[in-house]
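Please read the numbered points with the model at hand.

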Amino acid sequence: MATSNGNAVRPQPGSFQEALSGRENDSKHHIAGSLAAQTPPTNGRGSPRLRQFHELPSKGFWNDVVTMRWMRRPSSSIKMLGAPVLFWFNWTLVAPHVDNPWRHLLFVSNRLPDSAQGVPMYAKSYWVGAQVQVIPNGLTTLQDIAFVAYYVIVFSFIRQSLTIYFLKPLARYYGIKKEGKLDRFAEQGYAIIYFVCSGSLGLWTMYNYLPTWYFRTQYFWIDYPYAHMPGTVKPYYLLQSAYWLQQFLLLVLRIEKPRSDFAELVAHHIVTLWLIGWSYLTNLTPIGNAIFLTMDWSDVFLALSKCFNYLQMEKTKTVAFAWFTGVWTYTRHYLNIVILYSVWTEWDLIPSQSKVWDPMNGLWMPKWVKYQIFIPILLLQFINLFWYFLIWRILLRAIFSSNLDDERSDDEDEDAEPRAKKSKKE
(Lines give C-alpha, C1' and ligand atoms only; values in the text may rest on other atoms or scores of the structure.)
Protein backbone atom coordinates (compact mmCIF):
# COMPACT_ATOMS: atom_id res chain seq x y z
CA MET A 1 0.00 0.00 0.00
CA ALA A 2 1.41 3.41 -0.93
CA THR A 3 2.22 5.96 1.77
CA SER A 4 2.13 9.71 1.89
CA ASN A 5 3.79 11.60 4.80
CA GLY A 6 3.89 8.36 6.73
CA ASN A 7 0.18 7.67 6.32
CA ALA A 8 -1.20 4.75 4.34
CA VAL A 9 -3.04 5.72 1.19
CA ARG A 10 -5.66 3.33 -0.05
CA PRO A 11 -6.24 2.91 -3.79
CA GLN A 12 -9.39 4.56 -5.04
CA PRO A 13 -12.32 2.11 -5.29
CA GLY A 14 -12.70 0.74 -8.80
CA SER A 15 -9.28 2.03 -9.87
CA PHE A 16 -6.65 0.13 -11.84
CA GLN A 17 -4.40 0.38 -8.77
CA GLU A 18 -7.05 -1.25 -6.59
CA ALA A 19 -7.53 -4.07 -9.11
CA LEU A 20 -3.79 -4.78 -9.16
CA SER A 21 -3.46 -4.52 -5.38
CA GLY A 22 -6.35 -6.90 -4.78
CA ARG A 23 -4.99 -9.53 -7.14
CA GLU A 24 -1.37 -9.15 -6.05
CA ASN A 25 -2.22 -10.53 -2.58
CA ASP A 26 -4.76 -13.08 -3.76
CA SER A 27 -3.47 -16.62 -3.27
CA LYS A 28 -6.22 -17.98 -5.52
CA HIS A 29 -5.27 -15.84 -8.53
CA HIS A 30 -3.65 -17.97 -11.23
CA ILE A 31 -0.56 -15.72 -11.33
CA ALA A 32 -0.34 -14.25 -7.82
CA GLY A 33 -0.64 -17.76 -6.38
CA SER A 34 2.86 -18.47 -7.67
CA LEU A 35 4.47 -16.67 -4.72
CA ALA A 36 1.70 -16.40 -2.12
CA ALA A 37 2.72 -17.83 1.24
CA GLN A 38 1.55 -21.37 1.98
CA THR A 39 0.90 -23.39 5.09
CA PRO A 40 4.01 -25.52 5.63
CA PRO A 41 3.63 -29.15 4.50
CA THR A 42 3.29 -31.69 7.26
CA ASN A 43 4.46 -35.25 7.55
CA GLY A 44 1.97 -36.04 10.28
CA ARG A 45 -1.35 -37.77 9.88
CA GLY A 46 -3.28 -34.51 9.79
CA SER A 47 -7.07 -34.44 9.60
CA PRO A 48 -8.97 -37.37 8.09
CA ARG A 49 -8.84 -37.33 4.30
CA LEU A 50 -12.04 -36.09 2.68
CA ARG A 51 -13.63 -38.22 0.03
CA GLN A 52 -12.90 -36.97 -3.47
CA PHE A 53 -15.51 -36.28 -6.12
CA HIS A 54 -14.69 -39.43 -8.09
CA GLU A 55 -15.04 -41.52 -4.89
CA LEU A 56 -18.59 -40.37 -4.22
CA PRO A 57 -21.42 -42.64 -5.38
CA SER A 58 -22.44 -41.96 -8.96
CA LYS A 59 -26.07 -41.39 -9.85
CA GLY A 60 -25.48 -43.36 -13.01
CA PHE A 61 -23.67 -42.99 -16.30
CA TRP A 62 -26.45 -41.10 -18.08
CA ASN A 63 -26.76 -38.67 -15.18
CA ASP A 64 -23.03 -37.97 -15.48
CA VAL A 65 -23.43 -37.39 -19.22
CA VAL A 66 -26.35 -34.97 -18.81
CA THR A 67 -24.83 -33.03 -15.90
CA MET A 68 -21.34 -32.96 -17.52
CA ARG A 69 -19.89 -34.69 -14.46
CA TRP A 70 -18.06 -37.03 -16.80
CA MET A 71 -15.50 -34.21 -17.04
CA ARG A 72 -14.48 -35.02 -13.46
CA ARG A 73 -15.33 -38.72 -13.30
CA PRO A 74 -12.91 -40.88 -15.32
CA SER A 75 -15.12 -43.95 -14.92
CA SER A 76 -17.78 -42.19 -17.02
CA SER A 77 -15.50 -40.50 -19.55
CA ILE A 78 -13.75 -43.79 -20.34
CA LYS A 79 -17.11 -45.31 -21.27
CA MET A 80 -17.81 -42.39 -23.59
CA LEU A 81 -14.40 -42.87 -25.19
CA GLY A 82 -14.67 -46.64 -25.45
CA ALA A 83 -17.95 -46.84 -27.34
CA PRO A 84 -16.67 -45.17 -30.58
CA VAL A 85 -13.50 -47.29 -30.44
CA LEU A 86 -15.61 -50.44 -30.21
CA PHE A 87 -17.89 -49.32 -33.06
CA TRP A 88 -14.87 -48.43 -35.21
CA PHE A 89 -13.24 -51.81 -34.55
CA ASN A 90 -16.43 -53.76 -35.33
CA TRP A 91 -17.00 -51.80 -38.56
CA THR A 92 -13.40 -52.47 -39.61
CA LEU A 93 -13.87 -56.22 -39.08
CA VAL A 94 -17.28 -56.50 -40.74
CA ALA A 95 -16.90 -54.07 -43.65
CA PRO A 96 -13.20 -53.27 -44.14
CA HIS A 97 -13.70 -51.97 -47.70
CA VAL A 98 -16.49 -49.54 -46.79
CA ASP A 99 -15.59 -46.11 -45.42
CA ASN A 100 -15.77 -46.28 -41.62
CA PRO A 101 -17.65 -43.24 -40.26
CA TRP A 102 -16.31 -43.81 -36.74
CA ARG A 103 -12.75 -43.12 -37.83
CA HIS A 104 -13.55 -39.40 -38.05
CA LEU A 105 -13.89 -39.28 -34.26
CA LEU A 106 -10.61 -41.10 -33.62
CA PHE A 107 -8.32 -39.93 -36.42
CA VAL A 108 -7.66 -36.75 -38.39
CA SER A 109 -9.82 -36.72 -41.52
CA ASN A 110 -9.36 -35.67 -45.12
CA ARG A 111 -5.86 -36.74 -46.03
CA LEU A 112 -5.25 -35.79 -49.65
CA PRO A 113 -4.61 -38.78 -51.93
CA ASP A 114 -1.83 -36.99 -53.82
CA SER A 115 0.25 -36.27 -50.70
CA ALA A 116 4.00 -36.50 -51.17
CA GLN A 117 5.69 -39.65 -49.96
CA GLY A 118 6.29 -39.43 -46.22
CA VAL A 119 4.62 -36.01 -45.86
CA PRO A 120 0.83 -36.34 -45.56
CA MET A 121 -1.27 -33.36 -46.60
CA TYR A 122 -4.66 -32.63 -45.10
CA ALA A 123 -7.54 -30.35 -45.99
CA LYS A 124 -10.27 -29.10 -43.70
CA SER A 125 -13.35 -31.25 -43.55
CA TYR A 126 -16.28 -29.30 -42.22
CA TRP A 127 -17.31 -27.25 -45.28
CA VAL A 128 -19.13 -28.44 -48.38
CA GLY A 129 -17.12 -27.15 -51.31
CA ALA A 130 -13.94 -27.38 -53.31
CA GLN A 131 -11.75 -27.96 -50.25
CA VAL A 132 -13.42 -31.24 -49.32
CA GLN A 133 -14.41 -32.85 -52.57
CA VAL A 134 -11.93 -35.67 -51.93
CA ILE A 135 -14.06 -37.00 -49.06
CA PRO A 136 -15.68 -40.28 -50.18
CA ASN A 137 -19.35 -41.18 -49.91
CA GLY A 138 -20.45 -37.55 -49.56
CA LEU A 139 -19.18 -37.25 -45.97
CA THR A 140 -18.24 -33.61 -46.29
CA THR A 141 -19.31 -31.91 -43.08
CA LEU A 142 -18.64 -31.85 -39.36
CA GLN A 143 -15.71 -34.28 -39.33
CA ASP A 144 -13.20 -31.88 -37.79
CA ILE A 145 -15.84 -30.74 -35.31
CA ALA A 146 -16.52 -34.38 -34.37
CA PHE A 147 -12.79 -34.97 -33.86
CA VAL A 148 -12.50 -31.93 -31.57
CA ALA A 149 -15.58 -32.98 -29.57
CA TYR A 150 -14.20 -36.48 -29.03
CA TYR A 151 -10.83 -35.16 -27.88
CA VAL A 152 -12.51 -32.83 -25.40
CA ILE A 153 -13.54 -36.07 -23.70
CA VAL A 154 -10.03 -37.50 -24.17
CA PHE A 155 -8.43 -34.51 -22.44
CA SER A 156 -11.00 -34.67 -19.62
CA PHE A 157 -10.15 -38.33 -19.03
CA ILE A 158 -6.38 -37.71 -19.17
CA ARG A 159 -6.59 -34.70 -16.88
CA GLN A 160 -8.64 -36.39 -14.19
CA SER A 161 -6.74 -39.67 -14.39
CA LEU A 162 -3.39 -37.91 -13.95
CA THR A 163 -4.88 -35.83 -11.14
CA ILE A 164 -6.30 -38.77 -9.20
CA TYR A 165 -3.71 -41.47 -9.77
CA PHE A 166 -0.42 -39.57 -10.12
CA LEU A 167 -0.39 -35.88 -9.24
CA LYS A 168 -2.36 -35.94 -5.97
CA PRO A 169 -0.45 -38.97 -4.64
CA LEU A 170 2.78 -37.17 -5.57
CA ALA A 171 1.65 -34.07 -3.67
CA ARG A 172 0.71 -36.15 -0.61
CA TYR A 173 4.11 -37.84 -0.72
CA TYR A 174 5.76 -34.42 -0.40
CA GLY A 175 3.57 -33.44 2.54
CA ILE A 176 0.64 -31.54 1.03
CA LYS A 177 -2.51 -32.54 2.92
CA LYS A 178 -5.23 -29.93 2.39
CA GLU A 179 -7.62 -30.76 -0.39
CA GLY A 180 -7.57 -27.25 -1.84
CA LYS A 181 -3.80 -27.32 -2.27
CA LEU A 182 -3.92 -30.88 -3.62
CA ASP A 183 -6.35 -29.68 -6.28
CA ARG A 184 -4.18 -26.68 -7.17
CA PHE A 185 -0.97 -28.70 -7.26
CA ALA A 186 -2.59 -31.29 -9.54
CA GLU A 187 -3.99 -28.56 -11.78
CA GLN A 188 -0.56 -27.00 -12.23
CA GLY A 189 1.14 -30.37 -12.63
CA TYR A 190 -1.21 -31.19 -15.47
CA ALA A 191 -0.53 -27.78 -17.01
CA ILE A 192 3.22 -28.50 -17.00
CA ILE A 193 2.68 -31.87 -18.71
CA TYR A 194 0.29 -30.49 -21.32
CA PHE A 195 2.16 -27.32 -22.22
CA VAL A 196 5.54 -29.07 -22.47
CA CYS A 197 3.95 -31.56 -24.90
CA SER A 198 1.98 -28.97 -26.89
CA GLY A 199 4.86 -26.49 -26.94
CA SER A 200 7.26 -29.17 -28.19
CA LEU A 201 4.80 -30.32 -30.85
CA GLY A 202 4.27 -26.69 -31.88
CA LEU A 203 8.00 -26.11 -32.34
CA TRP A 204 8.33 -29.39 -34.23
CA THR A 205 5.44 -28.41 -36.49
CA MET A 206 6.82 -24.94 -37.23
CA TYR A 207 10.34 -26.26 -37.87
CA ASN A 208 9.42 -29.21 -40.09
CA TYR A 209 6.23 -28.27 -41.89
CA LEU A 210 5.78 -24.49 -42.01
CA PRO A 211 7.76 -21.75 -43.81
CA THR A 212 7.55 -19.52 -40.73
CA TRP A 213 10.51 -20.89 -38.75
CA TYR A 214 11.61 -18.97 -36.70
CA PHE A 215 8.81 -16.35 -36.66
CA ARG A 216 9.48 -15.28 -40.25
CA THR A 217 6.23 -13.38 -40.24
CA GLN A 218 6.17 -12.50 -43.94
CA TYR A 219 5.27 -16.13 -44.61
CA PHE A 220 2.02 -15.71 -42.72
CA TRP A 221 0.83 -14.01 -45.91
CA ILE A 222 3.06 -14.67 -48.96
CA ASP A 223 1.68 -18.11 -49.87
CA TYR A 224 -1.89 -17.56 -48.72
CA PRO A 225 -4.22 -19.49 -48.67
CA TYR A 226 -2.85 -22.32 -46.55
CA ALA A 227 -5.84 -24.57 -47.28
CA HIS A 228 -3.73 -27.73 -47.32
CA MET A 229 -1.91 -28.55 -44.10
CA PRO A 230 1.25 -30.71 -44.16
CA GLY A 231 2.39 -33.22 -41.57
CA THR A 232 1.36 -32.45 -38.01
CA VAL A 233 -0.22 -29.04 -38.68
CA LYS A 234 -3.83 -30.23 -38.73
CA PRO A 235 -3.68 -32.67 -35.77
CA TYR A 236 -1.75 -30.08 -33.76
CA TYR A 237 -4.36 -27.43 -34.46
CA LEU A 238 -7.36 -29.62 -33.72
CA LEU A 239 -5.85 -30.98 -30.50
CA GLN A 240 -5.13 -27.44 -29.31
CA SER A 241 -8.74 -26.57 -30.13
CA ALA A 242 -9.98 -29.51 -28.06
CA TYR A 243 -7.77 -28.60 -25.10
CA TRP A 244 -8.87 -24.97 -24.94
CA LEU A 245 -12.52 -25.86 -25.44
CA GLN A 246 -12.29 -28.37 -22.59
CA GLN A 247 -10.70 -25.76 -20.32
CA PHE A 248 -13.37 -23.23 -21.30
CA LEU A 249 -16.19 -25.67 -20.48
CA LEU A 250 -14.67 -26.39 -17.06
CA LEU A 251 -14.76 -22.66 -16.37
CA VAL A 252 -18.12 -21.52 -17.72
CA LEU A 253 -20.07 -24.58 -16.54
CA ARG A 254 -18.50 -24.15 -13.10
CA ILE A 255 -17.74 -27.86 -12.96
CA GLU A 256 -14.86 -26.89 -10.68
CA LYS A 257 -15.03 -24.18 -8.05
CA PRO A 258 -14.57 -20.75 -9.74
CA ARG A 259 -11.44 -18.86 -8.76
CA SER A 260 -11.10 -15.18 -7.94
CA ASP A 261 -9.80 -14.43 -11.45
CA PHE A 262 -12.75 -16.21 -13.08
CA ALA A 263 -13.75 -13.26 -15.29
CA GLU A 264 -10.19 -12.70 -16.53
CA LEU A 265 -9.75 -16.35 -17.45
CA VAL A 266 -13.12 -16.53 -19.21
CA ALA A 267 -12.22 -13.45 -21.27
CA HIS A 268 -8.82 -14.96 -22.10
CA HIS A 269 -10.35 -18.28 -23.17
CA ILE A 270 -13.04 -16.60 -25.30
CA VAL A 271 -10.42 -14.59 -27.20
CA THR A 272 -8.23 -17.69 -27.55
CA LEU A 273 -11.08 -19.76 -29.01
CA TRP A 274 -12.01 -16.86 -31.28
CA LEU A 275 -8.45 -16.79 -32.65
CA ILE A 276 -8.29 -20.58 -33.02
CA GLY A 277 -11.59 -20.85 -34.86
CA TRP A 278 -11.12 -17.84 -37.10
CA SER A 279 -7.54 -18.64 -38.12
CA TYR A 280 -8.51 -22.23 -38.93
CA LEU A 281 -11.59 -21.15 -40.86
CA THR A 282 -9.72 -18.56 -42.94
CA ASN A 283 -6.71 -20.79 -43.73
CA LEU A 284 -4.24 -18.86 -41.58
CA THR A 285 -2.86 -21.80 -39.61
CA PRO A 286 0.79 -20.53 -39.73
CA ILE A 287 -0.10 -17.44 -37.70
CA GLY A 288 -2.19 -19.59 -35.36
CA ASN A 289 0.76 -21.90 -34.74
CA ALA A 290 2.93 -18.88 -33.91
CA ILE A 291 0.38 -17.54 -31.40
CA PHE A 292 0.08 -20.95 -29.74
CA LEU A 293 3.85 -20.98 -29.20
CA THR A 294 3.78 -17.54 -27.57
CA MET A 295 1.24 -18.84 -25.06
CA ASP A 296 2.39 -22.37 -24.23
CA TRP A 297 5.98 -22.00 -23.03
CA SER A 298 5.32 -19.15 -20.62
CA ASP A 299 2.59 -21.26 -19.00
CA VAL A 300 5.11 -24.04 -18.35
CA PHE A 301 7.24 -21.76 -16.15
CA LEU A 302 4.19 -20.26 -14.42
CA ALA A 303 2.93 -23.72 -13.48
CA LEU A 304 6.41 -24.75 -12.31
CA SER A 305 6.70 -21.76 -9.98
CA LYS A 306 3.27 -22.50 -8.52
CA CYS A 307 4.15 -26.15 -7.88
CA PHE A 308 7.38 -25.10 -6.16
CA ASN A 309 5.32 -22.68 -4.07
CA TYR A 310 2.91 -25.39 -2.93
CA LEU A 311 5.94 -27.52 -1.97
CA GLN A 312 7.37 -24.63 0.11
CA MET A 313 10.57 -24.44 -1.98
CA GLU A 314 11.06 -20.76 -1.28
CA LYS A 315 14.23 -19.94 -3.24
CA THR A 316 13.34 -22.28 -6.08
CA LYS A 317 9.88 -20.78 -6.53
CA THR A 318 11.34 -17.25 -6.74
CA VAL A 319 13.96 -18.31 -9.30
CA ALA A 320 11.30 -20.15 -11.32
CA PHE A 321 9.04 -17.09 -11.21
CA ALA A 322 11.92 -14.90 -12.39
CA TRP A 323 12.49 -17.28 -15.32
CA PHE A 324 8.76 -17.21 -15.98
CA THR A 325 8.84 -13.40 -16.07
CA GLY A 326 11.61 -13.44 -18.68
CA VAL A 327 9.91 -16.07 -20.84
CA TRP A 328 6.56 -14.27 -20.53
CA THR A 329 8.17 -10.96 -21.56
CA TYR A 330 9.72 -12.52 -24.65
CA THR A 331 6.82 -14.69 -25.79
CA ARG A 332 3.64 -12.92 -24.71
CA HIS A 333 4.83 -9.40 -25.40
CA TYR A 334 7.81 -9.20 -27.73
CA LEU A 335 6.75 -12.03 -30.08
CA ASN A 336 3.09 -11.14 -29.75
CA ILE A 337 3.80 -7.54 -30.76
CA VAL A 338 5.91 -8.83 -33.67
CA ILE A 339 2.82 -10.76 -34.82
CA LEU A 340 0.59 -7.70 -34.38
CA TYR A 341 3.04 -5.60 -36.39
CA SER A 342 3.00 -8.21 -39.14
CA VAL A 343 -0.79 -8.20 -39.33
CA TRP A 344 -0.81 -4.41 -39.60
CA THR A 345 2.11 -3.88 -42.00
CA GLU A 346 2.60 -7.10 -43.99
CA TRP A 347 -1.00 -7.76 -44.92
CA ASP A 348 -0.41 -6.59 -48.48
CA LEU A 349 1.98 -9.49 -49.06
CA ILE A 350 -1.13 -11.60 -49.65
CA PRO A 351 -1.41 -12.26 -53.42
CA SER A 352 -3.88 -9.80 -54.94
CA GLN A 353 -6.01 -12.59 -56.43
CA SER A 354 -6.46 -14.01 -52.90
CA LYS A 355 -7.79 -10.78 -51.34
CA VAL A 356 -11.40 -11.77 -51.93
CA TRP A 357 -14.27 -13.37 -50.07
CA ASP A 358 -14.64 -16.75 -51.77
CA PRO A 359 -15.05 -19.43 -49.06
CA MET A 360 -15.77 -22.23 -51.53
CA ASN A 361 -12.23 -21.82 -52.85
CA GLY A 362 -10.61 -21.20 -49.47
CA LEU A 363 -10.24 -17.41 -49.88
CA TRP A 364 -11.38 -15.27 -46.95
CA MET A 365 -9.26 -12.13 -47.20
CA PRO A 366 -11.15 -8.97 -48.14
CA LYS A 367 -9.75 -5.85 -46.49
CA TRP A 368 -12.00 -5.92 -43.43
CA VAL A 369 -10.72 -9.37 -42.34
CA LYS A 370 -7.41 -7.70 -41.47
CA TYR A 371 -9.16 -6.03 -38.52
CA GLN A 372 -10.96 -9.24 -37.60
CA ILE A 373 -7.52 -10.82 -37.11
CA PHE A 374 -5.81 -7.79 -35.54
CA ILE A 375 -8.47 -7.02 -32.90
CA PRO A 376 -8.51 -10.37 -31.02
CA ILE A 377 -4.69 -10.50 -30.94
CA LEU A 378 -4.71 -6.94 -29.57
CA LEU A 379 -7.33 -7.88 -26.96
CA LEU A 380 -5.16 -10.81 -25.91
CA GLN A 381 -2.23 -8.39 -25.57
CA PHE A 382 -4.29 -6.09 -23.34
CA ILE A 383 -5.19 -8.99 -21.03
CA ASN A 384 -1.55 -10.06 -20.96
CA LEU A 385 -0.42 -6.50 -20.18
CA PHE A 386 -2.72 -6.36 -17.15
CA TRP A 387 -1.19 -9.62 -15.93
CA TYR A 388 2.29 -8.33 -16.80
CA PHE A 389 1.98 -5.37 -14.42
CA LEU A 390 0.83 -7.83 -11.77
CA ILE A 391 3.77 -10.16 -12.49
CA TRP A 392 6.34 -7.39 -11.96
CA ARG A 393 4.73 -6.21 -8.74
CA ILE A 394 4.79 -9.75 -7.38
CA LEU A 395 8.38 -10.38 -8.50
CA LEU A 396 9.73 -7.12 -7.07
CA ARG A 397 7.96 -7.76 -3.80
CA ALA A 398 9.49 -11.26 -3.67
CA ILE A 399 13.00 -9.90 -4.31
CA PHE A 400 12.99 -6.83 -2.06
CA SER A 401 10.50 -7.66 0.70
CA SER A 402 11.52 -9.71 3.70
CA ASN A 403 7.92 -10.64 4.45
CA LEU A 404 6.00 -12.44 1.75
CA ASP A 405 3.30 -13.75 4.06
CA ASP A 406 -0.27 -13.28 2.98
CA GLU A 407 -2.94 -13.51 5.64
CA ARG A 408 -5.29 -14.97 3.02
CA SER A 409 -2.86 -17.65 1.83
CA ASP A 410 -5.08 -20.45 3.13
CA ASP A 411 -8.34 -19.11 1.70
CA GLU A 412 -8.40 -21.72 -1.01
CA ASP A 413 -8.60 -24.47 1.61
CA GLU A 414 -11.15 -23.02 4.01
CA ASP A 415 -14.16 -24.34 2.16
CA ALA A 416 -12.71 -27.71 1.18
CA GLU A 417 -14.59 -29.61 3.87
CA PRO A 418 -17.97 -27.90 3.36
CA ARG A 419 -17.60 -28.47 -0.39
CA ALA A 420 -16.95 -32.16 0.17
CA LYS A 421 -19.92 -32.47 2.51
CA LYS A 422 -22.11 -30.81 -0.06
CA SER A 423 -20.86 -33.24 -2.70
CA LYS A 424 -21.80 -36.15 -0.45
CA LYS A 425 -25.37 -34.89 -0.27
CA GLU A 426 -25.50 -34.77 -4.08
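**Notes on the chain and its aromatic and nonpolar contacts**

1. Lys370 lies over the face of Trp344, at 4.6 Å from the ring centre. The charged end of Lys124 likewise sits over the ring of Tyr280, 5.9 Å from its centre. A charge is said to sit over a ring if NZ of Lys or CZ of Arg is within 6 Å of the ring centre and within 35 degrees of the ring normal.

2. A word on the basis of these values. The model is predicted, and local features need pLDDT of at least 70, side-chain atom pairs count only at pLDDT 80 or more, and totals for chains, interfaces and linings use all residues. Residues are numbered from 1 along each chain as its sequence is written, and side-chain values use heavy atoms, with hydrogens and water left out.

3. The chain contains 13 helices and six strands; these are DSSP runs numbered from the N terminus, helices being H or I with at least four residues and strands E with at least two. Of its 426 residues, 51% count as buried, where buried means under 20% relative accessible area, exposed over 50% and partly exposed in between (1.4 Å probe, protein chains only). Among contacts in the chain with a separation of 6 or more, 73% are accounted for by residues 24 or more positions apart; contact means heavy atoms within 4.5 Å.

4. The structure holds 31 aromatic pairs. The ring centres of Tyr150 and Tyr151 are 5.5 Å apart with their planes at 75°, so this pair is edge-to-face. Rings of Phe, Tyr and Trp (its six-membered ring) pair if their centres lie within 6.5 Å; planes under 30 degrees apart count as stacked, over 60 as edge-to-face and the rest as tilted. Both Tyr150 and Tyr151 are buried. One aromatic cluster is formed by Phe155, Tyr190, Tyr194, Phe195, Tyr243 and Trp244.

5. Which kind of peptide bond runs from Trp213 to Tyr214? The bond is cis, with omega near -15°. Trp213 and Tyr214 also form an edge-to-face aromatic pair, 5.2 Å centre to centre with 70° between the planes. Trp213 is partly exposed at a relative accessible area of 34%, and Tyr214 is partly exposed at 38%. Tyr214 lies in the loop between helix 6 (179-209) and strand 4 (228-230). Pro225 is found in the loop between helix 6 and strand 4 as well, and a cis peptide bond with omega of about 5° joins Tyr224 and Pro225.

6. The largest nonpolar core has 75 residues, and those with the most contacts inside it are Trp221, Ile287, Ile339, Met365, Ile373 and Ile377. Such a core is a set of buried Ala, Val, Leu, Ile, Met, Phe, Trp, Tyr and Cys residues joined through side-chain atoms within 4.5 Å. Not counting residues up to four places away in sequence, Ile339 touches Phe215, Phe220, Ile287, Ala290, Ile291, Thr294 and Ile377.

7. Ile373 belongs to helix 11 (residues 369-400) and counts as buried at 5% relative accessibility. Beyond residues up to four places away in sequence, its contacts are Leu275, Trp278, Leu284, Ile287, Val343, Trp347 and Met365. Ile373 and Trp344 are 29 residues apart in sequence and 9.6 Å apart in space, C-alpha to C-alpha.

8. Ser342 has its place in helix 10 (residues 314-345). Ser342 is buried, with a relative accessible area of 0%. With residues up to four places away in sequence left aside, Ser342 touches Thr217, Phe220, Trp221 and Trp347.

9. Helix 7 (residues 233-252) has 20 residues and should span 28 Å at 1.5 Å a residue; its end C-alpha atoms are 29 Å apart, which agrees. The expected span is 1.5 Å times one less than the number of residues. Helix 7 is mostly covered, with 16 of its 20 residues buried. Arg254, which follows helix 7, has a positive phi near 55°.

10. Met68, although not a glycine, has a positive phi of about 70°; Met68 lies in the loop between helix 2 (61-67) and helix 3 (74-94) and is partly exposed at 21%. Asn110, not a glycine, has a positive phi of about 70°. Asn110 is in the loop between helix 4 (103-106) and strand 3 (121-123) and is buried, with a relative accessible area of 5%.
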